[in-house]
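Q: I have a fold open on my screen and I'd like to learn how to read it. Can you walk me through it, feature by feature?

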Amino acid sequence: LLPETLPVLDKLALSSAYHPVGEGNEVGGDFYDVFTTPLGCWLVVGDVCGKGPEAAAVTALVRHSIRAFAFVRSSPAQVLGAVNEVMLGHALTQRFATVVVARLDLTSEPARAVIAGAGHPPPVLLEANGSAHCPSVQGMMLGVRPGSNVRDLELELEPGSTLVLYTDGLLDAGAPRRGLTPRELCGLLADHAGAAPQLIVQQLERLALSSGAGRLRDDVAIVAARVDG
């Protein structure tokens with residue numbers, strides 16, 4: 001359900017983490033993916049309702065459908081819209097998914113990202129100049145009803161910029177005592193602009209564990225990608 005390795009690409013440094021919740025639990029509802037097509041490099045993070053074998057089957061359906069559509073569609077919003085129809089076509093009972101997808105074009109100057117989200121927390125963009133913000137990518141979660149209001153958002157990525165995708169298990173790690181909002185997460189990450197993606201991911205892992213007093217409440221998936229050169 002997860003990529004065995006991250007692709008090795010010129011001009012892009014990558015890191016990821018995945019933590020399922022529960023003793024001996026190797027299959028959670030969260031997932032991530034990073035892959036390349038002739039249209040660019042794709043970053044995916046998502047969360048499928050539920051856990052166990054049934055949720056794993058839906059996770060596999062969503063992840064592999066995204067991969068398939070990404071080879072023929074350049075728009076992340078169109079990819080998510082097509083995945084929504086696939087899920088509805090399988091008549092999944094009370095199984096929905098939230099996903100954020102980014103397609104990176106590393107051939108342009110500067111590099112560009114096209115991002116779309118379906119009911120998922122927004123990514124964090126750490127600029128090379130030290131600023132941080134959460135691009136607004138709002139849309140209906142997948143598998144609920146026909147049609148899609150998901151829209152693409154296009155961003156420029158200057159060298160040194162880092163895009164961080166994550167699941168809500170990171171925001172909810174300290175709940176109910178102290179959850180995080182995406183804006184608060186942006187503020188916490190602002191000091192790490194320009195840092196190696198591996199260090200950013202490790203910092204977020206430590207944040208989740210410390211917020212939950214050493215234990216996670218929900219699965220956590222994280223992907224960080226920094227544009228270099």
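A: Let's start with strand pairing: two strands pair if DSSP finds at least two bridges between them. Keep in mind that this is a predicted model. As a case, take Val-99, whose bridge partner in E5 is Ala-118.

Q: How many bridges join E4 to E5, and in which sense do they run?

A: Seven bridges join them, and the two strands run antiparallel.

Q: What about E3 and E4, how do they pair?

A: Strand E3 (residues 40-48) and E4 are antiparallel as well, over eight bridges.

Q: Is E4 enclosed or open to the outside?

A: Burial tells you that. A residue is called buried when its relative accessible area is under 20%. Eight of the nine residues of E4 are buried, so this strand is largely enclosed by the rest of the structure.

Q: Now the open sheet. What is the order of its strands?

A: The order is E1-E10-E9-E6-E7, five strands with antiparallel pairing. To spot the edges, look for strands that pair on one side only: here those are E1 and E7. E1 is joined to strand E10 (residues 220-227) by eight bridges, and the two run antiparallel. Leu-12, for example, has Val-227 in E10 as its bridge partner.

Q: Which strands does H4 touch when it packs on the sheet?

A: H4 touches E6, E7 and E9, and its direction makes about 25 degrees with that of E6. H5 also lies on strands, in its case across E1, E6, E9 and E10, at about 20 degrees to E1.

Q: How do I read a helix face, and which residues of helix H4 are buried?

A: The general idea first: an α-helix has 3.6 residues a turn, so residues three or four places apart point the same way. In helix H4 (residues 182-189), the buried ones are Leu-185, Cys-186 and Leu-189. Seen down the axis of H4, they fall within an arc of 105 degrees, so they line one face of the helix. What covers them includes strand E6 (124-126), strand E7 (132-133), strand E9 (162-166), helix H3 (168-171) and helix H5 (197-211).

Q: On to charges. How many salt bridges does a search of the whole structure find?

A: Six. What counts is a side-chain nitrogen of Lys or Arg within 4 Å of a carboxyl oxygen of Asp or Glu. Lys-11 and Glu-109 form one of these, at 3.3 Å from N to O. Lys-11 lies in the segment before strand E1 (12-19) and Glu-109 in the loop between strand E4 (97-105) and strand E5 (111-118), so the pair ties together parts that are 98 residues apart in sequence. Lys-11 is partly exposed at 37% relative accessible area, while Glu-109 is exposed at 67%.

Q: And where does Glu-154 find its partner?

A: Its partner is Arg-112, with the closest N and O atoms 2.5 Å apart. Glu-154 sits in strand E8 (residues 153-157) and Arg-112 in strand E5, so this pair links parts that are 42 residues apart in sequence. Glu-154 is partly exposed at 47%, and Arg-112 is partly exposed at 27%.

Q: Is Arg-226 buried or exposed?

A: Arg-226 is buried, with a relative accessible area of 17%. Its side chain meets that of Asp-228 in a salt bridge of 2.7 Å, N to O. Asp-228 counts as partly exposed, at 24%. Elsewhere, salt bridges that share partners join Asp-33, Arg-63 and Arg-67 into one network.

Methods: Residues numbered from 1 in each chain as written. Predicted model: local features only at pLDDT ≥ 70, side-chain atom pairs only at ≥ 80, totals over all residues. Heavy atoms only, no water. Helix = DSSP H or I, 4+ residues; strand = E, 2+ residues; numbered from the N terminus. Buried < 20%, exposed > 50% of the residue type's maximum accessible area, 1.4 Å probe, protein only. Arc of directions from axis to C-beta. Contact = heavy atoms within 4.5 Å. Axes fitted to C-alpha atoms, helices over the stretch in contact; angles between N-to-C directions.
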